[in-house]
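Subject: Structure for you to look at

Hello,

Here is the structure I promised. Please open it beside this email and follow along.

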Amino acid sequence: MYCVRKVTEDLYWVGANDHRLQLFENIHPLNGVGVSYNSYLLLDEKTVLFDTVDWAVCRQYIDNVKHVLGGRKLDYLVINHLEPDHAASIDEILLRFPETKLISNEKAFMQMRQFGFNIDGRYEEIAEGDTRSFGKHTIAFVYAPMVHWPEAMVSFDVTNGVLFAADAFGSFIALDGVLFADEVDFDRDWIDEARRYLTNIVGKYGPHIQALLKKATPLLPDIKFICPLHGPVWRKDLGYIIEKYDKWSRYEPETDGVLIIYASMYGNTESAAMCLATKLREKGVRDVKVRDVSNTHVSWLISETFKYSHVVLMSVTYNLGIYPLIHNYLMDMKALNLQQRTFAVVQNGTWAPKSGDIIREFLDNELKQITVLNDELTINSSMTPENGIEMDGMADSIIASMKKD
Amino acid sequence: MSFKTTEAHEALRRRVREFAETEIQPLAFLLDKENEFPADAIKKFGEMGLMGIPYPKEYGGAGLDVLSYAIAVEELARVDGGTGVILSAHVSLGTWPIFAYGSEAQKQKYLIPLARGEKIGAFGLTEPGAGSDASGTETTALLDGDHYILNGGKIFITNACKADTYVVFAVTTPDIGTRGISAFIVEKDRDGFSFGDHYDKLGIRSSATAELIFNDVKVPKENLLGREGEGFRIAMATLDGGRIGIASQALGIAQGAYENALEYAKERVQFGKAIAHQQVISFKLADMATKLRAARFLIYSAAELKENHEPYGMESAMAKQSASDVGLEIVNDALQIFGGNGYLKGMEVERAYRDAKICTIYEGTNEIQRIVIASHIIGKAPKEEAGAKKKKAGAVTGERKKLILKDGSPKERVAALAEALKKDGYDFTVGIDINTPIAQAERVVSAGKGIGDKKNMELVKALAIQAGAAVGSSRPVAETLKYLPLNRYVGMSGQKFNGNLYIACGISGAGQHLKGIKNATTIVAVNNNANAPIFKNCDYGIVGDVLEILPLLTAALDNGKPKTPAPPMKKLRRSTPKKLPPVWKQHICNGCGYEYIPDLGDPAGGVPEGVLFESLPEGWTCPECGESKDQFIEL
C-alpha cells in the first residue's frame, strides 16, 4: 500500500520512515524516535524523481513511486547525494523503470560505480550551475561539496522555489504522517534531534555549510520550500532553521550556559558535579545541564557542546590517564572540528590525579580556539570543604568569562 | 596608472614644507644641540589639523589617506629627522592602536584629542629583555578588582614625557609567551607612572626619548585596549603601519641631505668647474636620486595598499628596510660631497648623517624587517625549541625573582628579606588565625621535613603569627610525621595555596608540592641545601638552618604589638585570555574536508612547516584526496 503526501503543485513526498533502525550510520542511537528517508517525485511533462531511500524501506518506496506515477513512465532520477541511506535503491529503480535516466555529477557517477551500480548508458552528467527544463519546471543544479560528501549538490526548482537540499536541514525522528515543520512544535520537540543530526553527521564541515549558505544567499528570497533528505519539509519561517545552521556551522554557541560532563566510577565525582551545578545555579546561571558520560551517548554530548557556550569536564583519573569515555568524547570533538568554547576542568584521583592535566593539554593543543580557564581543581577521592572554596572560585571564573567583552 | 601623487597630495606637501621650513628649520640646529623638543611647533602643527592626518574627521582627524600622512612625515624629516619621528610615533604608534582596536568610548576619550593634536601619543613595547623578541616582556598588569596594577618599565620610548597618553604592553598571563600580553592606554598623570632621564642620543635629538617606569600604576579596567591576550597582535599590527612612518622619515632625511649636497655641488668649484659637473660627483648624485625615487615608490605603494585595506605587511617592511638602508648610503654620499665642510657641527648634512642611522634600528631593526619579508615569501621557519619553552620546564612555579640573599650575617640577610617583603606591599601589622584553611589564607608559613623535631613546629607557628599567616606543611610532615592534620599539607594532592605570600621552611620543593603553590604571588624559601629545587622556584631565598633563621625572621617581622585582623584577602587573580583565531585564513578541501594548516605544512608533499596556503607551490595537491589547490575553500 502506498503512503505519500503532496508537497506542492506537481510535487509529492514518496519517502518512507524507519523505526527499526537502532543505530544511524551504525553509531548514533535513534532511541526509538526513528528516522525518515525522503524522496520527492515531480510530475511535469517529464517525470523526475529526486534521490532514493535506504534499502530497508525500498518496498514501501516502490509502492509510493508507482502510485504517484499513476502508470506514467519515470523519465529521470536526480541524485543529489550518494550516501546509501539515500542512494541504495538506485539500482532497484533502474531495474524497475528501464527508461529512467540518472542525472547527477561526475563525482557521483564515479561513486555509483564504486558501489557497484550498473549505470552504463543510463545517465546524463550535469555540472555546477547547469539548468534542465522538464516542461513547466526548470531545475538548477548547485554543487555543495563536503556538505557531508564531496559529490553532494542541491537542486533548485526555479519555477516554484523548491530547494532539494540533500542532507542539509535534515533531522532525526521519523515523520509518522507529518510532512511540514510547521505541523509540529519544532522548537520544542524536534530541535534537539535536528541539532544532534547536523552536529554529529556534518559538524566537521561547518566551513562548507558556510560556503553553501553564502552561495545561496542571493537565492534566499526565492526559496519557498526546503526539502531535506531526512525530517520535515520547511515552507514557513525558513529563517529559523537557516539561522540555526548558520550558528552551528560557524561553531557559535546557541546558549550562554554551562554543560557539565562528568565521569564518575563510584559517585564521588558525580557528587562534585552536583556541587558545581548547585553553585552555578545559586550564583544565577540560568542554563546548567549535567550529563553523566557513562550513560549519555557521545552524540548527545557533542550536540550539547555545540549548543552551550561553556563546558566543565570533570573526570576521574583512569590508569594514569583520562577516563575512556571522556577520551572518546574529546576525540569526537576534535574530529567534528568543535571550537570556540570555554572549558573548565576538574580532575579526581586517589593516588596520582592527572586526568585534568591531560584533558587541559588536549583542549589547548588539539582543538581550535578553546579557552581553558586557569582555575584548577583537583579532588583527592572525594570533595573536601576546602575543595568547595576552590570550586566557588571556579564558578566565579566561569561566570566572569560568560560576560561579553 | 601614472605612479604620480595627486594635486591634493602635492598641495599638502607644499603646506607641510612651508611649515617645516619656517617653523622648524630655523630652530633645528639648536634643538639638536640642546636635546630640545619643539613643543611650540608641534602645537602649531596640531592646530593646522595635521597631527591626525589619516584619521576620520568624526574622530578629529583630517580624513586624508595614508599617503598624505607619509608625505607629511617625509617633509618634516626633510628639514629635521627628529621632528619627523615625533609625528610618526604620535600617529602610527600612539594613536593608531586606539583607532584600530579601541572601543567607541576609548575613541571618544582618547582618539579625538590625539587626532586633533591637542594631545600627544606614545607607544611602550620595548624593554631591556624584550627588543626584537616581545615574548621577553616583563612588565606585568595584574587585575585587581576594577583596575589593573602595572609594574615594570619600558625603554627607548619616543615622545616619552611629552606625550599625554601611552599605549603600553604588559603581561596579564605569565608563562604563555606572547599570548599573555595585553595592551593598555595609560595616561601620563597616573600615580606611580614616571619617566627616566632623557637619553643622550647620536641623532634625532629633537625628539624626546626616555624610559617609562611603572610602580604599582593603577589603570582602570576600561583602559584595556582590545581583549586580554591580544596585545602582541595589536603591537605587531601597529608596527606594520609604523614602518611606513619610519620609512618616510628615512626618506625625508635622505631627501634633505641630497638636496643640500646637490646645491653645494653646483656651487662648489674645483678644477675650474662646479664639482657637480665632474663625473665622479655627478654619478654620486645620479645614484642618490635613483635610490630616493625607488625608496619613495616603495613607501607610497605600501601606503596605498594600507589605504585600500589590502595586505601590506611585507610591502611596508620592504619600504622601511630599503628606505633606511639607502638612506644611510645617501647621507654618507651627501656628507662626502660636502667634504670637510660637511664634517662640521651646524651643517645640516652633518645632522642628517647622524639622524639617519636610527631608521635602520627602531620600529623593527632591518634584520627583523628581513625576517618579516622572508616569512611572507618562504613561510615561517620550522619551530625550534624556543628558549621560553625550556625555561618553563625549569620552574614549576613559573617565572620567579629567585633572589637568593647571600650577603652579610644571617641577621642582616633576614633583615634584607623583611625589608624586601615590606617593599612588596606586605603589611605585617595585620594577621589571621594560624588555623585558617589554606585555600582561604592570604599567607602561609609551611614546614618541611627540614624542620626536624616536632618541638620545632613552635618556631613555625611563632613565625606564622608574626607573618600574619596560617600554618601549613609539606605532605610528609602531615602524612608521615603527623605534625599537622592532613588537611593542612600543601601540594598538588593536598591544599592549593592561592594567596599572596608563601614562606617555605625546610621544604626542598618536590614537584607535587611546587604545583600546589604555583599561584602564589610571592614565594620565600628557607633551606640549608643551596641546591634544593625550592630555590629555583622562589622569589626570595635564604640558604641557612631553619632553626637559626626562623627566630630571626620572627623577630624581624614582630612590630611589638598584637596583630590587628587582616582585611579580607585580596586575591590577585590571574585571568585567562580568550584564545584568538589564527592570523591566516583557513583553507579546506572541497574533495574531502582536509584542512591545510600552515603550522604543520605538508611534509609528505615536500612542504615544510610554516608555509602559508597562498605560498604553496604550483601543482600542489590535497594530500588526502588529490584535489587541486583551486578546489580549496577559503574562510
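First, a term: pLDDT is the predictor's confidence in each residue, from 0 to 100. You need it here, as this is a predicted model. Chain B averages a pLDDT of 91. In that chain, 96% of the residues score at least 70. Where pLDDT is low, the predicted coordinates should not be read in detail. The model scores ipTM 0.79 and pTM 0.68.

Next, the two chains. On chain A, 22 residues are in contact with 23 residues of chain B. Three elements of chain A each give two or more residues to its side: helix H6 (206–216), strand E22 (371–380) and helix H12 (385–402). The largest share, five residues, comes from E22(A). By class, this side of chain A has 10 nonpolar, eight polar and four charged residues.

Now a helix pair in chain B. Look at H7(B), residues 279–307, and H8(B), residues 313–338. Their axes come within 9 Å and cross at roughly 160°. Angles over 145 degrees count as roughly antiparallel, so H7(B) is roughly antiparallel to H8(B). The crossing is left-handed.

Which residues make the contact? From H7(B) they include Met288(B), Leu292(B) and Leu298(B). From H8(B) they include Met318(B), Val326(B) and Ile330(B). Charged residues take part too, among them Lys284(B) of H7(B) and Glu315(B) of H8(B). The residues of this contact divide into 14 nonpolar, three polar and five charged.

Best wishes

Methods. Residues numbered from 1 in each chain as written. Chains lettered and ligands numbered in written order. Predicted model: local features only at pLDDT ≥ 70, side-chain atom pairs only at ≥ 80, totals over all residues. Contact = placed C-beta atoms within 7 Å. Helix = DSSP H or I, 4+ residues; strand = E, 2+ residues; numbered from the N terminus. Axes fitted to C-alpha atoms, helices over the stretch in contact; angles between N-to-C directions. Parallel < 35°, antiparallel > 145°, perpendicular 65-115°, else oblique. Left-handed = near helix turned anticlockwise from the far one by under 90°.
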